[in-house]
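Me: I am new to this structure. Please show me how to read it, one feature at a time.

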Amino acid sequence: MNVIENSKLTVVGAGAVGASVAYAALIRGSARHVALYDIAAERVEAEALDLAHGSQFIGASDVVGSSDISVAGGSHVVVITAGAKQEPGQTRTELAGVNARIIRGMMPQLLEVAPDAVYVIVTNPCDVLTVVAAEATSLPRERIFSSGTVLDTSRLRWKLAQRAGVSTSSVHAYIVGEHGDTEFPLWSSATIGTVPILEWEREGHPRMTIDELDRIAAEVRDAAYTVIRGKGATNYAIGLSSARIVEAVLQDQHAVLPVSTVLDDFAGIGGVALSVPSVVSAAGATPIANTPLSPDELAKFRRSADALRPVIDAVTTEEHS
């Protein structure tokens, strides 16, 4: 991979997700320099030290960690993973309120030290927080977006590849909408190789049915809950998917990824952040405006927007109260 000379990634938050993002970026060679920032000084220094001890095995990249926000200085990409986890009995809106306050307070400080960076929000609820972060800054919309459904799409392609008996890279399908309960796949444009998803068949792999695809979509939607029940958190796959986004920016790849930006009249929807196929490059993320949506998919997309608006309104009202 062609990493930009002296490219720098800063990961904000040294918890399980942030450490996994840094680890994945180092292993993949996503950036020349990797910095970890967290207000928990002992934790962030320990995580950076643990990663640095493996420097012999990861090529030319280096890693530092600090509780001083100046460690993010000169970053080309900043990935934000810091925030509270959802507690038992806590509503999604309550979690959004807590993490919105964190993001709102942090963004101006980050912009002071890394004014030219592209910002990627991973903290949940990432769609809501993308709106909050955009409103807390004067950044162009393309330079502040969330990881959205990049991971969900990877989960979908993995499941479909298993079912179809092909490699994951041969599956072309996207999860779009909210990164959450109202997300859905774009079945109307999904293919395996060049074959429409419902027409694919080979020996030992009969054609899939609509009911089967619906079950697969539900398993993908609920996959995080399954992992969390077993180990308490999801971290490895989000680390890898975040590193992939970082590479698209730092290498100016113009890669098509389903990240979440604040939309402006996408399929008639604006003012909310939802994941749609977008071109991700050094300039940030730009939604592909002519993404085809069937009438059913358009209805589901609007349902995603409607699910997010009350949460966005609640955290915005809190800011001004």
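Me: Which residue is the bridge partner of His172 in β10?
Reply: Thr191 is the bridge partner of His172. First, the ground rules. This is a predicted model, in which local features need pLDDT of at least 70, side-chain atom pairs count only at pLDDT 80 or more, and totals for chains, interfaces and linings use all residues. Residues are numbered from 1 along each chain as its sequence is written, and side-chain values use heavy atoms, with hydrogens and water left out.

Me: How many bridges join β7 to β10?
Reply: Two strands pair if DSSP finds at least two bridges between them. Strands (E, at least two residues) and helices (H or I, at least four) are DSSP runs, numbered from the N terminus. Here two bridges join β7 to β10 (residues 191-192), and the strands run antiparallel. They belong to an open sheet of three strands, in the order β7-β10-β11. Its edge strands, β7 (171-172) and β11 (195-196), each pair on one side only.

Me: In which sense do β2 and β3 pair, parallel or antiparallel?
Reply: In a regular strand the side chains alternate between the two faces of the sheet. Strands β2 (residues 33-37) and β3 (residues 62-66) pair in the parallel sense, over five bridges. Val34 stands opposite Val63 in β3.

Me: Is Gly177 buried or exposed?
Reply: Buried means under 20% relative accessible area, exposed over 50%, partly exposed in between (1.4 Å probe, protein chains only). Gly177 counts as buried because its relative accessibility is 0%. Gly177 lies in the loop between β8 (175-176) and β9 (184-185). Contact means heavy atoms within 4.5 Å. Leaving aside neighbours within four places in sequence, Gly177 is in contact with Thr149, Leu274, Ser275, Phe301 and Ser304.

Me: Where does Arg163 lie?
Reply: Arg163 lies in helix α5. With a relative accessible area of 18%, Arg163 is buried. Not counting residues up to four places away in sequence, Arg163 touches His205, Pro206, Arg207, Met208 and Glu212.

Me: What is the volume of the largest pocket?
Reply: Rolling a probe the size of a water molecule over the atoms shows where empty space is left. On a 1 Å grid over the protein atoms alone, a pocket is an open set of points where a 1.4 Å probe fits, with protein on both sides within 12 Å along at least five of seven lines; lining residues have an atom within 4 Å of a point. The largest pocket has a volume of about 1,100 Å³. Of its 39 lining residues, the closest to the centre are Gln86, Leu95, Asn124, Ile228 and Thr234.

Key
Grid points are joined across faces, edges and corners, and a volume is the space filled by probe spheres set on the points.
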